[in-house]
Amino acid sequence: MSIRRQLTFHGILLYRKYYGEHGMLIKFFTAECGKKMFLVRGATRSRFKMKADILPFTYGVYTGSIAYHGLSYLKSAESTHHYLNIINNINLNAYATYIMGLIDAAFPDSHPAVKWFDKLYYGLKLINDGLDPEIITNIFEIQLLSVFGVAPDLKGCVICGRHDLPMDYSDKYGGLLCIHHWDHDPHRSHLDSKTVYYLRVLSKVPLKKIGRINVSKRTKQQLRRQLDDIYDNSVGLRLKSKRFLDQMQRFKL
Ligand SMILES: [Zn+2]
């Protein structure tokens with residue numbers, strides 16, 4: 001038996017797929033109860049009223065019959081908006097899809113994470129507003145590491161704690177090493193100082209407060225390589241949406 005309750009909630013649509021003859025399964029990241037899967041009956045019928053409310057890259061206020069376990073049902077949409085530039089740009093679309101894939105992988109269903117709901121809302125808004133999607137994506141990747149149980153120490157050298165010296169990242173130590181301790185890890189990342197600076201800044205910057213991003217191509221390439229290393233070696237997550245993003249980047253070069 002599944003207990004349901006009627007609830008008005010704030011949701012960002014993470015994912016949708018066709019279900020049965022006319023239905024659709026829709027996953028929302030909600031502010032109130034985390035990730036929730038909804039069955040929407042009749043979603044593909046031509047006279048279905050909520051068509052625009054359940055398009056990809058939509059967010060808003062909805063009412064549904066929420067089950068703690070299993071499928072919930074969507075009843076109505078009160079006020080919904082679209083990240084229009086993301087919808088219309090395949091490049092932005094790929095970044096946003098990957099970020100939502102990360103959120104989907106990071107949290108179990110029904111696990112309230114309102115802080116992350118806000119982050120996702122602002123992150124997608126910044127991408128939609130034209131800020132650098134690569135850096136916004138890096139912010140999610142770095143800040144989600146602790147949710148994935150990997151929390152690299154980016155405050156200071158993991159051996160001596162100093163943070164006023166040239167630093168490098170060490171996968172072996174799961175954090176930074178100062179120049180005096182580089183000999184501890186012959187396989188350290190060999191990042192330049194700017195990249196280390198950005199790793200540290202992006203790990204704590206509030207998305208809500210970002211107004212401008214200006215990071216060089218070289219630094220972005222190093223950040224990409226470092227984060228790929230951490231995700232491959234420590235998190236062990238390989239999303240299809242990330243592979244698509246990588247392919248897209250290669251075609252652009
Ligand atoms: Zn040190």
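Strand 7 and strand 8 (residues 175-178) run antiparallel, joined by four bridges. Start there, and keep in mind that this is a predicted model. One of the pairings can be picked out by residue. Tyr169 has Leu176 in strand 8 as its bridge partner.

Three strands form an open sheet in the order 6-8-7, and the pairing is mixed. Which strands stand at the edges? They are strand 6 (153-157) and strand 7 (167-170). Each has a single partner strand, so one side of each is left without a neighbour in the sheet. From one strand to the next, the twist averages 30°.

Is Ser170 buried or exposed? Its relative accessibility is 0%, so Ser170 counts as buried. Look also at what surrounds this residue. Setting aside neighbours within four places in sequence, Ser170 is in contact with Gly175, Leu177 and Asp185.

Next comes the metal site. Which residues coordinate the zinc ion? The donors are Cys157 (SG), Cys160 (SG), Cys178 (SG) and His181 (ND1), at 2.1 to 2.3 Å. The angles subtended by the four donor atoms are 102 to 117°. Four donors count as tetrahedral if all angles lie between 85 and 135 degrees. The arrangement around the zinc ion is therefore tetrahedral. In sequence, the donor residues follow the spacing C-x2-C-x17-C-x2-H.

How exposed is each of them? Cys160 has a relative accessible area of 37%, so it is partly exposed. His181 has a relative accessible area of 16%, so it is buried. The cut-off for buried is under 20%.

Now turn to the backbone. Most residues other than glycine have a negative phi. Phe57 is not a glycine, yet its phi is positive, near 60°. Where does Phe57 lie? It lies in the loop between strand 3 (34-40) and strand 4 (58-67). Its relative accessible area is 8%, so Phe57 is buried.

Ser110 belongs to the loop between helix 2 (90-106) and helix 3 (114-128). With 15% relative accessibility, Ser110 counts as buried.

Go back towards the start of the chain. At residues 6-81, an unreviewed UniProt entry places the feature "domain: DNA replication/recombination mediator RecO N-terminal". What is the helix and strand content over residues 6-81? The chain there is 0% helix and 64% strand. The end C-alpha atoms of this stretch are 22 Å apart.

Finally, step back to the whole chain. It has seven helices and eight strands. Its C-alpha trace spans about 65 × 40 × 30 Å along the principal axes. Of the 253 residues in the chain, 49% are buried. Contacts across the sequence complete the picture. Among contacts between residues at least 6 apart in sequence, 59% join residues at least 24 apart.

Conventions. Residues numbered from 1 in each chain as written. Predicted model: local features only at pLDDT ≥ 70, side-chain atom pairs only at ≥ 80, totals over all residues. Heavy atoms only, no water. Helix = DSSP H or I, 4+ residues; strand = E, 2+ residues; numbered from the N terminus. Buried < 20%, exposed > 50% of the residue type's maximum accessible area, 1.4 Å probe, protein only. Pairing = 2+ DSSP bridges. Axes fitted to C-alpha atoms, helices over the stretch in contact; angles between N-to-C directions. Contact = heavy atoms within 4.5 Å. UniProt positions renumbered as here; feature names shortened; annotations may be inferred. Donors = N, O, S within 2.8 Å, 3.2 Å for Na, K, Ca; no water. Tetrahedral: all angles 85-135°; square planar, octahedral: opposite > 155°, others 65-115°.
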